[in-house]
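Please look over the following model, with attention to its fold and its overall dimensions.

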Amino acid sequence: MRRLVMINLESANIADFEAYEAVVLPLVRKHGGRVEMRVRSISGDREVHLLYFPDSEAFEAYRQDPRRLEGSYLWEASRAQSEVVLVDLVEP
């Protein structure tokens with residue numbers, strides 16, 4: 001299963017956001033997932049991640065990982081906003 005994470009960085013503190021990413025993105029692999037794509041807009045006000053997890057249980061384990069929860073203060077400090085959407089890839 002894939003999750004598309006759309007992140008609004010318009011009002012974000014980028015240093016705190018990047019510190020948060022440094023904590024949480026390595027945890028994806030620990031839970032059987034992978035970061036398939038990570039793209040920031042040229043203007044720097046949006047970022048998109050495409051994450052793969054083998055199932056919803058693995059995704060929830062990632063979301064509840066104690067190290068991820070410990071780093072949540074960085075997310076709050078960054079003032080970034082996100083939306084997570086379950087997606088299927090459609091081959092052309």
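**Helix against sheet**

Helix α1 (residues 14-30) lies across β1, β2 and β3 (46-52), and runs at about 160 degrees to β2; helices (H or I, at least four residues) and strands (E, at least two) are DSSP runs numbered from the N terminus, while angles, from 0 to 180 degrees, are taken between N-to-C directions of axes fitted to C-alpha atoms, for helices over the stretch in contact. Contact means heavy atoms within 4.5 Å. The model is predicted, with local features needing pLDDT of at least 70 and side-chain atom pairs pLDDT 80 or more, whereas totals for chains, interfaces and linings use all residues. Residues are numbered from 1 along each chain as its sequence is written, and side-chain values use heavy atoms, without hydrogens or water.

**Sheet**

- Four strands, in the order β2-β3-β1-β4, make up an open sheet with antiparallel pairing, where two strands pair if DSSP finds at least two bridges between them.
- Because β2 (34-40) and β4 (81-87) stand at the edges with a single partner strand each, one side of each has no neighbour in the sheet.
- From one strand to the next, the twist averages 15 degrees.
- Seven antiparallel bridges link strand β1 (residues 2-8) with β4, and R2 has V87 of β4 as its bridge partner.

**Chain as a whole**

- The elements run β-α-β-β-α-α-α-β from the N terminus on, which gives the chain four helices and four strands.
- Along the principal axes, the C-alpha atoms of the chain fill a box of roughly 35 × 35 × 15 Å.
- Of the 92 residues, 33% count as buried, that is, under 20% relative accessible area with a 1.4 Å probe, protein chains only.

Technical notes: Buried means under 20% relative accessible area, exposed over 50%, partly exposed in between (1.4 Å probe, protein chains only).
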